[in-house]
Amino acid sequence: MNVIFWNSLNGGQDLLSRYVGPYKINHWIKKHGYTGQVIEFLQYLTEEEIYLATKKFITAETLVVGVSTTFLTYNTEGKGKLTFQWKDGSYNAFPENILKAAIRIKSEYPQIKFVLGGYASDHVYGGTTFDAVIMSYTDASEDIFLEYIDHLKKGTEPPLSRMITKYSHIQPGIPVKSRIYYYEARNKIYNIEHDDFRFSKQDAVLFGETLPLDISRGCIFACRFCNYPHLGKGKLDYTRGMEYVKEELMSNYELFGVTRYMILDDTFNDTVPKMEAFLEMTKTLPFEIEYSAYLRADLIDRFPDMAYMLKESGLWGAFHGLESLHPYASNLVGKAWSGKRAKDFIPKLYHDLWEGKIPQLLSFICGLPKETPEDIMNTLKWHKENNLHSLSYAPLGLNNPKKSNRYSINSEFEKNADKYGFTFNDDTWHTNGWVNETWTSESSREFLVPIYRYLNEHNLRKASPWIVGNMQLLGYDKEYLFNTPMQNLDNSDYRTRLNNKYREYYNLLMSL
């Protein structure tokens, strides 16, 4: 193989779920004459298993081991030379099994380039084993990676690059290796509108898996806390033709019996024409699909036919980023609708329009200015009183753009903090309010404890729509998952099922 990709979810996630990025790039390089192999679920494999699986596909033609970082790294403590420390005192490292396998392969095959890619690749260190970073927030990584391996194989011009010579977040005394950061292709030919991606038998997909589905990239909105790429894109920009989506669905069904998907679009229901085209496409399939997706509830409220189109096309799990029900806070983040209409519309959508058959995960932020702890507890009570499905809170994440290079794109809140009521103090932040209105980076994290205590005590923490399909693969009944509080799940039984399933994957991979 010319390229071997390592793929993994975060070390703290106990899910058999695939991140699609390496598969998309592998498909693209194959269209241009190269060979590649993705090795999946590294979080469940031992160092020895990763080593053996990688060696299986290494040949004299192997150029690169590409490591996807988007969901790879995790916070840990005390891993010695296998870790590094942020200036705020926390530790960050690759999972030990993965980093040790990388060191082992690199020492045995020093000619192979180890390359970091994915959302975290330009701010993750991960030791001195890695040679380069390939990442772009504005262009397709498909083009950059293809140009990079053309450079290695054919001696052509490499992608545009700069050197990363230091990591400002690393404590003194930790060894740092300068590395090349490739950020833009010279020749841009990838176009998602004509993306004919599909999984192959070489990907060792398990029968009946829930697979990721990439239909469009970017978001037509620009929420002020968000640091994702392609914010504020034009409607229907960066969207695949539905004929290509249909071909992918057909192939997955015929090869692997797959009918369940996680749609990855930042906002799946961003336009009515897109929803109409998707529904019409699903009607032409000789089977029914089920899918979960990120959905803007305000657009469903604004365009009533959307609720019907989503339901009829196979929606079985909705993720709504409401962020806050507080009028000021919701307006501040750029979602004023949530503070005006969500309390009335969300119960109507769940119970009436979707007849209680499409679970919703309502996502909120803890730490927004002028929203007090009491306001948040009232949101939890509203959720309980309306008998809604599931709710989650996360602390507001802000990075001081003058002190941190953890992320290459800064959110509007980070770029213009004073304007929105935030003050940075080195690597921490606080809101500018009176004592009872002030949040800090620390208190926004600490308040998650009473939030989740309330959810558990009132049996409100149901299975997220994102994980139901993955748990169905393990043999769980969907209705059981929709109605059982997560704290009542038999963890021992779950771990046994999960271990058996990833063992099935590894055996399938090694038999290729």
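Where is the place of isoleucine 25? Isoleucine 25 sits in helix α1 (residues 21-30). Helices here are DSSP runs of H or I with at least four residues, strands are runs of E with at least two, and both are numbered from the N terminus. The model is predicted, so local features need pLDDT of at least 70 and side-chain atom pairs count only at pLDDT 80 or more, while totals for chains, interfaces and linings use all residues. Residues are numbered from 1 along each chain as its sequence is written, and side-chain values use heavy atoms, with hydrogens and water left out.

Stay with isoleucine 25. Its relative accessible area is 14%, so isoleucine 25 is buried. Buried means under 20% relative accessible area, exposed means over 50%, and partly exposed lies in between (1.4 Å probe, protein chains only). Leaving aside neighbours within four places in sequence, isoleucine 25 contacts Phe5, Ser141, Glu142 and Phe145. Contact means heavy atoms within 4.5 Å. Isoleucine 25 and phenylalanine 145 are 120 residues apart in sequence, yet 7.5 Å apart in space, C-alpha to C-alpha.

Next comes helix α2 (residues 47-57). Its buried residues are Glu49, Ile50, Tyr51, Ala53, Thr54 and Phe57. They pack against β1 (3-6), β2 (36-39), α3 (96-108) and α19.

Now the core. The largest nonpolar core has 154 residues. Such a core is a set of buried Ala, Val, Leu, Ile, Met, Phe, Trp, Tyr and Cys residues joined through side-chain atoms within 4.5 Å. Trp6, Phe268, Tyr291 and Trp354 touch the most other members. Helix α19 (residues 491-510) gives the most to this core, with six residues. The axes of α5 (residues 242-256) and α6 (residues 272-283) come within 10 Å and cross at roughly 40°. Axes are lines fitted to C-alpha atoms, for helices over the stretch in contact, and angles run from 0 to 180 degrees between N-to-C directions. Met242, Val245, Lys246 and Leu249 in α5 meet Lys274, Ala277, Phe278 and Met281 in α6.

Finish with lysine 370, in the loop between β15 (360-366) and α12 (373-385). Lysine 370 counts as partly exposed because its relative accessibility is 35%. Lysine 370 and threonine 438 are 68 residues apart in sequence and 7.6 Å apart in space, C-alpha to C-alpha.
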